[in-house]
Amino acid sequence: MYLYLYDSFLNDKRFAQTLAKIETRLTDLGIGGKIYRLSPLRNVEELISDEVKAGVTNIIVVGNDKTLSQVVNVAAKHEVALGLIPLGPENQIAQALGIPEGEGACDIVAARIVKRVDLGRINNLYFLSGVKIFSSEVTLECEELYSISSKLKNALITICNFRPATAQLAATANYFNPQDGFLEVFIQPEKTGFFNIFKRPDRQKTIIPFKKLAIKSKSSVPVVTDGQRVLKTPVKIEVIPKKLKLIVGKNRNF
Amino acid sequence: MLKKEGMSNEVETIIGPSVHVEGDFVGNGDVVIEGTVSGKLRTEKNLRIGETAKIFANISAANILVAGEVQGNIKAKESLELTSSAKVFGDIKTNIVTIASGAIFHGRCQAGEEKKSRLEKIDDKENNKNKEKPLEPVIK
């Protein structure tokens, strides 16, 4: 049984035609199901819990990274497969999963290649793709054994489960696998200034796999999970291996 | 032996030139260091210390290639290679050692398998015999 969750921004008229096409394609493929439109007034947790009790085994999110991230926290608590039909801006997770935008994603959902992937947990929140830290003046305490700090003031620090958009594929081919049971600390200098354009970023990068980490700082620093939720340091992060069942495409990058 | 560019296809830990690591660092696979490490450094696999790296730690790995500066003892299970830019201030212990001309090395070096010399073996045998002999009673 399929449950489709539409993000609230899809109420915009410019998405009406694409949504109609998607719905037709889903019916043709025989994987139609209940449709709910998310809104700030609707409690996602309650909705999903009720539907899972009613027999839903596949939850398909129609929207972008933010929509998916909102649902991941609830879906991780149930034994369901989570799929995505990407629509709208900011769809980097869909790219990592090898899912094309719009109608093409319906075939991926129908093909139903299900992979168990790791999830990150920050304090008590799950995240799928990664965590961005908006300051390099932090100390990362890994596995309660050693600490990592950056000498650069303009370094970009990210905690990754999926490959970040800023990482070059060729230089980081063996990293950022969401099925390896590790998260990665990824540090690279921010490209500012004329001369930095010519520096090879792969020679400057730092990648450290870990299972458990704490982010500490002298003053409180914002930390953003999946580009959506904002938390403040200090925070604790750990990997939860094979926590989520995800419907992926053939062209996924892991 | 270690290759200078890309040691294997396995996931490796990379510590970049702008990063400082402090504490008991235990790598999960191959480790490449271009930054600063102080404390302890250990991996069961290969370790490459780049030209820009500064290590203030005792090091232990299977194969080690040093091109930067190390202040501490190095223990390589299989092989250790010091390139011409290497600076090592500490003792080294390994099976196979390669030191390029121009490398700076201050310390003791122990290379090769730990086999006792023939003379030491004879000494050991004699000591054992003496231990086995029963003590004769002393009659006054």
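Two residues are in contact if their C-beta atoms, placed from the backbone, lie within 7 Å. This is a predicted model, in which local features need pLDDT of at least 70, side-chain atom pairs count only at pLDDT 80 or more, and totals for chains, interfaces and linings use all residues. Residues are numbered from 1 along each chain as its sequence is written, and chains are lettered from A, with ligands numbered from 1, in the order in which they are written.

Q: What makes chain B and chain A count as touching, and how many residues are in contact?
A: The C-beta cut-off of 7 Å is the test. By that test, 19 residues of chain B are in contact with 19 residues of chain A. On the chain B side, strand S1 (12-15) and strand S2 (19-26) each supply at least two residues. S2(B) gives the most, with eight residues. Strands here are DSSP runs of E with at least two residues, helices are runs of H or I with at least four, and both are numbered from the N terminus.

Q: What classes make up the side of chain B that touches chain A?
A: Ala, Val, Leu, Ile, Met, Phe, Trp, Tyr, Cys and Pro count as nonpolar, Asp, Glu, Lys and Arg as charged, and the others, Gly among them, as polar. On that basis this side has eight nonpolar, eight polar and three charged residues.

Q: Why are S9 of chain A and S2(B) said to pair?
A: Two strands pair if DSSP finds at least two bridges between them. One of the bridges joins A:Ser150 to B:Val19.

Q: What makes domain 1 and domain 2 of chain A separate units here?
A: The bounds come from an automatic or database domain assignment, which divides chain A into domain 1 (2-112) and domain 2 (125-240). Their C-alpha centres lie 28 Å apart. Across the boundary, 12 residues of domain 1 of chain A are in contact with 11 residues of domain 2 of chain A. The largest share of the domain 1 side, seven residues, comes from H3(A).

Q: Why is H3(A) called mostly covered?
A: A residue is buried if 20 or more other C-beta atoms lie within 10 Å of its own, exposed if 12 or fewer, and partly exposed in between, with C-beta atoms placed from the backbone. Nine of the 11 residues of H3(A) are buried, among them A:Leu68, A:Val71 and A:Val72.
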